[in-house]
Amino acid sequence: MLDPDISARDALALLSTNDAHRLDGTREGFNRRRFLQMVGLGLGGGAVLSGLDTGVLGQFLPDEWRQAFAGGPLGPTDGVLVIIGMYGGNDGLNTVIPYSNPRYYEYRTNIALRTTGTNPLIPINDDFGLHHNLSFVKALYDQQQVAILHGVGYPNPDLSHFNSMAYWMAGKVGGTPSNGWIGRWLDGIGARADLYTAGTIGSSLPLHLLGQVKRGTAIPENGFGFGGDTDAVQTRFYNGIKSYSSQSAGRGIWHDAIAGASRGQIDLAQRVAPIFEPEITSDSLAKKLTVAARLINADLGFRVLDTSLDSFDHHSGEPYEHGQKMQELNDGIAAFFATLSPTFANRVTLMTFSEFGRTPWSNDSQGTDHGTAGAHFVIGGNVKGGLYGTPPSLSSSTGGQIERWGRIKMTMDFRSMYATMIDGLLGGGASTVLGGNFEKIDLFRPVGAPVGNFPDPGVPGSPSTPTVPATPSGPASFVGMTPARLIDTRDGGAPIGAASSITVQVSGGHGVPADAVAAVLNVTAVDGTDPSYLTVWPADVAKPNTSSLNTRGGDVVPNLVISKLSAAGAVNVFNLAGMTHCVVDVVGYFVGGSGSRFTSLSPSRVLDTRDGIGAPATAVGPGTSIDLVVSGVGGVAADADAVVLNVTVTEPTAAGFITAWPAGAPRPTASNLNFVAGQTVPNLVVAKLGAGGAVSLFNSGGSTHLVADVLGCFRSADGARLIALSPARLLDTREGSGQAVLQTPITLSVVNRDGVPASGVTGVVLNVTATGGSANGYVTVFPSGEARPMASNLNTVAGATRANLVIAKVGADGAVALFNSAGAQHLVVDVVGYFTT
Amino acid sequence: MAEQAQIEHLLRRTEFVARPARVAALMALSLEAAIDDILAVSAPPALPTYIDHNNDRDLDPAAPSNWDQYVYSLKWWFDRMAFDSPKPIQEKMTLFWHGHFTSDWWKVYDTWAMTSQNQLYRVNALGNFQTLAQQMAIEPAMLRYLDNADNTKSSPNQNFARELMELFLLGVGNYTEADVEASSAAWTGHTLDDDGHYWFRTDRHNNLSKTFFAVTGNLNGPDIINIILDKKKQIAARYIVGKLWDFFAAPGTQPNDGLDAIATTFASNWDIKVALKAILLLPEFYTDPVKQGLIRSPIDWVVAVMVQTGYRAGLLNPQWYVEGMGQVPFSPPNVSGWRPNGAWINTSSMGSRAEFARNATWRLRDAQLAQNAGRGDMGNLWTLPVDQAVDTVAALFALNPMSVRTRTALSDYANGERTLLPKADRNGWWMATNLLTMAMIAPEMHLA
């Protein structure tokens, strides 16, 4: 905190009134921090909030806070603005030097930069040159990627650092502003603004990133001191802190808001942590801009990143001091472009600003004093390089010298520069943000257009293009296997972004043959940022409007998925909103020809550790496993080689997961269902039988009871074969009349539609989702026309969305019945395949 | 006999923390007697000599620098809030007045002036409001902060004159621009001498007749305060009583009938202690919206951590952490002081609180330091059954009553570590460390 004051005695002498008291040296203290504090900032002291101002606070309210962490990849035409603030008043005349103008040398006898001598300026044309330390900027200029804007300032200039900076930050002139131009842009984009939209590299938030409702994010240049570690030990600890907000504590809004803010802090720290590796060894602006470039490369969604370089207030010793600053600016810009991925290079733009330029006359201390307008840079792959605007005159209105304390006149309103950025790069809204129409400068190529040496950006995470129409697989037999992990995006991969897909190769490895036509997968969404769903479908057809599992965000949700494979043996996994990690395990596959066939059984309870069914009447301890003999039990044939179980965890004392695998085989890295303390969670499990006709069930977490119902088995001798389909939605009670399901079973015809034939269907494979329910209960799917069994396929929780795979026998009328045990519940049913003799 | 929950709430709001010994002592009393005990402050000691003199090195080359004095004063005040005041309400009220009649070190740029102002607020913390307001107006720090030192008859500066009404005494809407001009004229000439002490310069004072709130005459600055507190006494009294309620109870929960009545009394005697006592006796002070409605400011939270760990500022160095949390003593964001509640909650500030908690946690794990603080080494948490470990950290940080959600989170974390690390002698330290940090940043700990 609190650096000792950076002296600006001379500045204050000039700023002061004629009252001698101001000159006593005790009232200095203008530095960047000071500006921020005076305009009502300083972290968290931010003046926008009082009482229950839910506008900003809304980010942290229990039902809404998740929205705040969306992040996610940029669209291919989304521009990114990187701001470089030069605090203290940069001397524009010694940055972009009017070297052909004799007045320049008349005014600046002791600090003028020249084309000759030891450090000659770098000419860019016959009239102007760059400071000799801006060699990289010159190189970019030569590639036509640097726009130089002449004479940028604001009308009726006030020579105060504070007021001038306040106006520049605000994007409005006059008054004492309480918000800034980027902040109001955030306000304007509404729900799309989140923690990952605008950020400053530093620990306090400058005024320009503060809106009336929204605010930017502060990212310390060395990463967060807390929350950023990603090793397993710390992650468990952070997850513990995050779990303070897993549900309302019932202690009022502030309690929940605090918990949500802590969660947000860790979310942010963890999300940005990877970009701080490897360590950034540079310092000053180069470090901040390296952080900015890495944040862009990480594609977290940032549209605006803000950096700063201070101590430009060169009232004395300017040749050396300003030279240092120009070197830092040049090195920073070089570091930025050295770091920025080519993927983004044609839609990222750097922009400089400063509160004012300096006097045309130098003073006797080889310095310059507070001035007015100055030249600024706009740099990027999509910038049309060149000089823009009118250079301010260095002569008086009568053509003579500007008087000793005269200033140059601005020729471009700073809001023209802002309007150009907002409308040209940030998607529009300049007139609203700036409170008026300001002339825009035609300096951009279309955002995202290919330019220079940079390749076209790809669309991140785009799925492979659909190439074949959706067709059912041939009749296929089942082969169970020891589960194998196909992908875990946490291991070196990127999470799946919003409205994005990944392609997962299933066949041809992991023991799945190349001719497999469908697979039984256990798909898990992990630590999603938002409420969302995943859809799994064959990789070579268009995405269907179905879903495979639902996540609230911040949780771990698995579901069994049976999916047809593409011709190449792959599936796509689509994520609707936010970002989520994804784990896919394969537990079996279907192939044409010989193999196991499915026999549907009336549900039968084969395990209940609460009652001593199938295992001793004791909870399964942490880190232990039990062997459940299924062969010959509950209707399972003695020669069965795999079973379909609905496994339910209940009364767990701590979070963990369950793995099912063939008894006698080594325990694989896989999981079938995940739970937290106190939860009751089911999942459908297809398990190959191992030694003794048994399935091993491993519990990773606290002690828990396990319940298993057997729903069917696979055997070679007899049974039905699976026809896998591209998923199709059969029912959505939210549509049409919108009637929720009460305690009267509804009938759903499943044959002769959506790829399921009219006859020969013995069972269907459905993904059933319950959503928007009013009560906790369960859903049972059973053959239409038969008595409802005492079994459950899915446990419902009021207000939550839950999905489970269901293998259901079809009634004589070609339909299945769905029963909801409590309250009103919406049900969504997708079909993914059927069994046929 | 007061109820324990009532006393704990009362103490958290008035003494930063409900120290167990204080809870026990006050529970033996009636609620009114308990409040009397809390408010029974005596005159504070003089400021330490290190900060209590002008840091003019021309006069005294050996004087500590302004900056060193500033850092010292921050630590000194934190210690005073946490440990050194026999009645912490005196410091709590000093903090209230600092946020109300505020000034900023970065503008005043003189630690002596800032701490002198701070001491004025301490001495008058529960005294007479009119006296306090008069002295506040001519404190060097205020004269500098709101530019009245530059307010002369030839070049009026309205900064102080305006804020005196807008923020200090009445609230916006209770005066006209003409009143601001008259007040500004009356305050001309109240400035500082070369040593930075108050100096009324008659040569700079506007001696013409002014009309302020319908009073006409050659008004001087102090007359303005007296006229405001006479002509608009009910508005001023209600304004201050409301701010006290927001500070001690919760913003947005003002019980109008009760506070109006208290304001009427306050307007008749300007006795701060009487008004605060009446506020603390209002039944609404003990309802859920109030109990659940106030977030500990960074200063409040840091002081709570200091009290509950027993570690002083010299060890924990809170002055290096509070800026990130958003509240540095002597450095409010602007003349209106600090905003409550939502202003304290954002990702960066929560990260800074967590960093400070981490810092304190490592100290807690130091056996020798723990012994010095009269407490067992928290490293033994690992050897306790989980429920007992959770109870221990909850008691240490007074997370009572603890929500089920928080208990579940702490227990789940501890259980999870046990499960993964079944050998008690191996790596248990991190479970103990993290459990302490988790408790220190639990939502209950951030709520006042």
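Modeller: Start with pairing: two strands pair if DSSP finds at least two bridges between them. Strands are DSSP runs of E, at least two residues long, and helices are runs of H or I, at least four long; both are numbered from the N terminus. This is a predicted model, where local features need pLDDT of at least 70 and side-chain atom pairs count only at pLDDT 80 or more, while totals for chains, interfaces and linings use all residues. Residues are numbered from 1 along each chain as its sequence is written, and chains are lettered from A and ligands numbered from 1 in the order in which they are written.

Colleague: How many bridges join strand E5 to E12(A)?

Modeller: Strand E5 (residues 146–153) of chain A has 5 bridges to E12(A), again antiparallel. Here A:Ala147 has A:Val378 as its bridge partner.

Colleague: Why is A:Asp256 called buried?

Modeller: Count C-beta atoms, placed from the backbone, within 10 Å of the residue's own: 20 or more others means buried, 12 or fewer exposed, and in between partly exposed. A:Asp256 has 23 others within 10 Å, so A:Asp256 is buried. A:Asp256 is part of helix H9 of chain A. Its C-alpha atom is 6.4 Å from that of A:Ser245, 11 residues away along the chain.

Colleague: What makes strand E12 mostly covered?

Modeller: Strand E12 (residues 374–380) of chain A has 7 of its 7 residues buried. In a regular strand the side chains alternate between the two faces of the sheet. Both faces of E12(A) are covered. On one side are A:Gly374, A:His376, A:Val378 and A:Gly380; on the other are A:Ala375, A:Phe377 and A:Ile379.

Colleague: Is A:His510 buried, exposed or partly exposed, and why?

Modeller: A:His510 has 16 C-beta neighbours inside 10 Å, so A:His510 counts as partly exposed. This residue sits in the loop between strand E16 (500–505) and strand E17 (518–526) of chain A.

Colleague: Why does B:Asp147 count as buried?

Modeller: B:Asp147 has 20 C-beta neighbours inside 10 Å, so B:Asp147 counts as buried. B:Asp147 also has a positive phi, near 65°, and is not glycine. Look for B:Asp147 in the loop between helix H9 (140–145) and H10 of chain B.

Colleague: Why are E32 and E35 of chain A said to stand at the edges?

Modeller: Four-strand order first: the open sheet of 4 strands runs E32-E37-E34-E35 in chain A, with antiparallel pairing. Strand E32 (746–749) and strand E35 (794–796) each have a single partner strand, so one side of each lacks a neighbour in the sheet. E34 (residues 777–783) and E35(A) pair over 3 bridges. There, A:Tyr778 is opposite A:Asn795.

Colleague: What makes H13(B) oblique to H14(B)?

Modeller: Two packed helices are described by the angle between their axes and the distance between the axes. Helix H13 (residues 233–248) and helix H14 (residues 256–269) of chain B pack at about 120°, with axes 8 Å apart. The axes are lines fitted to C-alpha atoms over the stretch in contact, and angles run from 0 to 180 degrees between N-to-C directions. Under 35 degrees is roughly parallel, over 145 roughly antiparallel, 65 to 115 roughly perpendicular, and the rest oblique. That makes H13(B) oblique to H14(B).

Colleague: Which residues does B:Ile279 contact, leaving aside its neighbours within four places in sequence?

Modeller: Contact means C-beta atoms, placed from the backbone, within 7 Å. The partners of B:Ile279 are B:Val241, B:Leu244, B:Trp245, B:Phe248, B:Ile262 and B:Phe285.

Colleague: How many helices and strands does each chain have?

Modeller: Chain A has 13 helices and 38 strands. Chain B has 25 helices and 4 strands. Buried residues make up 59% of the 837 residues in chain A and 54% of the 448 in chain B.

How values were computed: Contact = placed C-beta atoms within 7 Å.
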